[in-house]
Amino acid sequence: MTADERLQWAFRLVPGDQVTLDGIRREVTGSRVERYTTGGLAVVLAFRNGVPARMPATALVTVTPPEPPPTETPSAGVTQDRPPPRGVLRATGRLLTAWARRPTGTAGDGHA
């Protein structure tokens, strides 16, 4: 187990947790609680890839924190090194043209 991993009860897992089972790291997409025929609680974990896993609710699993998001997230395809897409420029131009053609003396909200 590495420094960023931790042990957690199976019934406390939430979607998005990265767990290591049988030496394979998987992302949890869902979980549900069921009863064994003997009456004990079991947790069924669904993964993004692979088959679901059923285990006792009190089983300890190794959880790895999710990877942090990228540091720079472009907004609407606009980045520092290139202009916005043509569709954005075209829509902005149409909006400005319509705003310039509005009757004078109105706020453009339909009220005089």
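This is a predicted model: local features need pLDDT of at least 70, side-chain atom pairs count only at pLDDT 80 or more; totals for chains, interfaces and linings use all residues.

Student: Fine. How many aromatic pairs does the structure hold?

Tutor: One. Trp 9 and Phe 11 make that pair, with 6.4 Å centre to centre and 20 degrees between the planes.

Student: Why does the pair count as stacked?

Tutor: Because planes under 30 degrees apart count as stacked, and here the angle is 20 degrees.

Student: Switching to the fold. What pattern does the chain follow?

Tutor: Along the sequence it reads β-β-β-β-β-β-α. That's six strands and one helix.

Student: And in what order do the strands sit in the sheet?

Tutor: E1-E6-E2-E3-E4-E5, as an open sheet with antiparallel pairing. E1 (6-9) and E5 (53-56) stand at the edges; each has a single partner strand, so one side of each has no neighbour in the sheet.

Student: How much are neighbouring strands turned against each other?

Tutor: By 50 degrees on average, direction ignored.

Student: Let's zoom in on E3. What joins E2 to E3?

Tutor: Four bridges, between residues 18-21 of E2 and residues 24-35 of E3. Thr 20 has Arg 25 as its bridge partner in E3. The two strands form a hairpin with two residues between them, and Asp 22 in the turn has a positive phi of about 55 degrees.

Student: What about the E4 side of E3?

Tutor: Seven bridges there, to residues 41-47, again antiparallel. This hairpin has five residues between the strands, with Gly 39 at a positive phi near 105 degrees.

Student: Which residue stands opposite Val 28 in E4?

Tutor: Phe 47. The ring of Phe 47 also has Arg 26 over its face, at 5.2 Å from the ring centre.

Student: Last topic, whole-chain numbers. What share of residues count as buried?

Tutor: 22% of the 112 residues. The accessible surface comes to about 8,700 Å², and carbon and sulfur atoms account for 57% of it.

Student: And contact range?

Tutor: Take contacts between residues at least 6 apart in sequence: 40% join residues at least 24 apart.

Terms used: Residues are numbered from 1 along each chain as its sequence is written. Side-chain values use heavy atoms; hydrogens and water are left out. Two strands pair if DSSP finds at least two bridges between them. Axes are lines fitted to C-alpha atoms, for helices over the stretch in contact, and angles run from 0 to 180 degrees between N-to-C directions. Buried means under 20% relative accessible area, exposed over 50%, partly exposed in between (1.4 Å probe, protein chains only). Contact means heavy atoms within 4.5 Å. Accessible areas come from the Shrake-Rupley method with a 1.4 Å probe; for residues, only the protein chains shown count as cover. Rings of Phe, Tyr and Trp (its six-membered ring) pair if their centres lie within 6.5 Å; planes under 30 degrees apart count as stacked, over 60 as edge-to-face and the rest as tilted. A charge sits over a ring if NZ of Lys or CZ of Arg is within 6 Å of the ring centre and within 35 degrees of the ring normal.
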